[in-house]
Amino acid sequence: MAVRNWYVSQALDSVARLNKILPELTEEEVLACLDLESQSARRKSIIDRLISRAARLNELGYVLGLRNKHSAPG
């Protein structure tokens, strides 16, 4: 999936905007935001929030994969 640049720029606009738009971001977009924000090393709170969201998205995907693999038919 392609990164939606508008969402990335909006997410990095401010902490308030990040908190509003974060649930709509894909894992790729969260990682793109994290890369951009960490290059400037300005706002540790945004970097921490992005890391938390990336970890949560990874966790959700992992759990879904396990459920699909180990669920009983029917």
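Analyst: Glu-29 has its place in helix 3, where helices (H or I, at least four residues) and strands (E, at least two) are DSSP runs numbered from the N terminus. The model is a predicted one, in which local features need pLDDT of at least 70 and side-chain atom pairs count only at pLDDT 80 or more, whereas totals for chains, interfaces and linings use all residues. Residues are numbered from 1 along each chain as its sequence is written, and side-chain values use heavy atoms, with hydrogens and water left out.

Glu-29 counts as buried because its relative accessibility is 0%; buried means under 20% relative accessible area, exposed over 50%, and partly exposed in between (1.4 Å probe, protein chains only). The side chain of Glu-29 forms a salt bridge with that of Arg-4, at 2.6 Å from N to O, a salt bridge being a side-chain nitrogen of Lys or Arg within 4 Å of a carboxyl oxygen of Asp or Glu. This pair links distant parts of the chain, since Glu-29 belongs to helix 3 (residues 27-40) and Arg-4 to the segment before helix 1 (5-11), 25 residues apart. Arg-4, with 29% relative accessibility, counts as partly exposed. Once its neighbours within four places in sequence are set aside, Glu-29 is in contact with Ala-2, Val-3, Arg-4, Val-8 and Glu-24, contact meaning heavy atoms within 4.5 Å.

Glu-37 forms a salt bridge with Arg-43, their closest N and O atoms being 2.9 Å apart, and Glu-37 is buried, with a relative accessible area of 2%. Lys-44 and Asp-48 also join their side chains in a salt bridge (2.9 Å, N to O); both lie in helix 4 (residues 44-70), four residues apart, which is about one turn of the helix. Lys-44 is exposed, with a relative accessible area of 58%, while Asp-48 is partly exposed at 35%.

Two packed helices are described by the angle between their axes and the distance between the axes. For helix 3 and helix 4, the axes come within 9 Å and cross at roughly 155°, where axes are lines fitted to C-alpha atoms, for helices over the stretch in contact, and angles run from 0 to 180 degrees between N-to-C directions. Helix 3 is therefore roughly antiparallel to helix 4, as angles over 145 degrees count as roughly antiparallel, those under 35 as roughly parallel, 65 to 115 as roughly perpendicular and the rest as oblique. The crossing of helix 3 and helix 4 is left-handed, a term used if the near helix is turned anticlockwise from the far one by less than a right angle, with right-handed used if clockwise.

Where the two helices meet, helix 3 contributes residues including Glu-27, Val-30, Leu-31 and Glu-37, and helix 4 contributes residues including Ile-47, Leu-50, Ala-54 and Leu-57. Ala-54 is buried, with a relative accessible area of 10%, and, leaving aside its neighbours within four places in sequence, Ala-54 is in contact with Glu-27, Val-30 and Leu-31. Ala-41, by contrast, lies in the loop between helix 3 and helix 4 and is exposed, with a relative accessible area of 62%.
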